[in-house]
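This report concerns a single protein model. Please view the sequence and the coordinates together before reading on.

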Amino acid sequence: MRVAARRASARKDPPPTHRVVRHIRRLIEGRRLTPGDRLPTERDLAREMKESRSSVRAALQSLAAMGVIRSRQGAGTFIQDGPPSLDSQPLGLLAALHGFSREEMFEARGVLEVGVAGLSAQRASGEQMAAMAEEVASMFAALGDPPVFLVHDVRFHRAVAAGSNNPVLAALVEMTSTLLYERRRATIERANDLRESAEMHRRIYLAIRRGNSEAARTAMAEHLRLAEEALAVEDALAATREAASRAATRARRHPARKGTWPTTRP
């Protein structure tokens with residue numbers, strides 16, 4: 001009986017952090033908080049809900065990870081008014097845990113981004129297309145600086161996803177592009193196809209600007225195929241250099257002695 005009572009009590013009394021999240025959710029669902037609105041301070045929320053500030057802080061961190069709210073330095077915490085920005089850390093942790101392969105990552109990108117490119121050709125606004133054009137121009141300007149090129153590459157794909165005007169797809173593309181960025185920035189210096197990549201991005205943009213959904217899908221699929229091949233080459237070069245570096249380190253630690261021969265016991 002006591003165990004059942006404790007279980008019933010636990011069901012009726014959720015943890016403080018959950019209560020704070022539920023409270024803010026109800027404010028959003030009731031339209032008392034709308035996109036762009038500023039939340040009360042931690043202290044005011046804690047006083048209003050009769051919860052500790054640590055519980056309120058944990059709840060706000062959870063909502064930020066879900067892309068519901070965002071903080072502005074010195075201004076406060078606001079309800080997200082743009083595409084949701086999901087925390088990519090859980091996906092990165094899963095990638096490390098399960099060892100996502102390059103093939104799996106690009107298969108996921110193909111499912112997401114080919115469709116997103118088609119939608120963007122149908123729905124992107126002039127402002128969104130201008131953002132894509134800016135990233136393409138920045139890629140051509142950064143052909144001699146691979147790390148900077150990679151940043152604009154990722155931003156282009158996010159701009160295309162934003163052009164789909166589907167916030168769910170935009171959030172998913174942002175997560176996967178962050179994961180790819182973290183992986184590729186270690187090998188991007190070895191890339192030798194940046195001009196070809198920039199040209200492919202321009203083809204995608206031009207198809208979207210023309211409103212040609214099929215051409216945008218085709219261009220994105222071809223770009224992802226070439227990008228996967230390029231990453232395979234970069235990974236192979238990185239593995240070869242790492243093996244050579246390990247061999248050189250072993251040679252320095254255990255140099256061969258001149259004039260000595262291995263001896264065997266009679």
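## Overall architecture

The model is predicted. Its protein chain contains eleven helices and two strands.

## Burial, surface and contacts

The protein chain has 266 residues, of which 36% are classed as buried. The chain exposes about 16500 Å², and carbon and sulfur atoms account for 53% of that area.

Contacts between residues at least 6 apart in sequence were also examined in the protein chain; 70% of them link residues at least 24 apart.

## Helix α3

Helix α3 spans residues 42–49, and its buried residues include Leu-45, Ala-46 and Met-49. These three lie on the same side of α3 because they cover an arc of only 100 degrees around the axis. An α-helix has 3.6 residues a turn, so residues three or four places apart point the same way.

Arg-43 and Arg-47 are exposed, and they are carried on the face of α3 that is turned away from its buried side. Just after α3 comes Lys-50, whose phi is positive, at about 60 degrees.

## Aromatic side chains

How many aromatic pairs does a search of the whole structure find? The search returns zero.

Note on methods. Residues are numbered from 1 along each chain as its sequence is written. This is a predicted model: local features need pLDDT of at least 70, side-chain atom pairs count only at pLDDT 80 or more; totals for chains, interfaces and linings use all residues. Side-chain values use heavy atoms; hydrogens and water are left out. Rings of Phe, Tyr and Trp (its six-membered ring) pair if their centres lie within 6.5 Å; planes under 30 degrees apart count as stacked, over 60 as edge-to-face and the rest as tilted. Helices (H or I, at least four residues) and strands (E, at least two) are DSSP runs, numbered from the N terminus. Buried means under 20% relative accessible area, exposed over 50%, partly exposed in between (1.4 Å probe, protein chains only). Contact means heavy atoms within 4.5 Å. Accessible areas come from the Shrake-Rupley method with a 1.4 Å probe; for residues, only the protein chains shown count as cover. The arc is that of the directions from the helix axis to the C-beta atoms.
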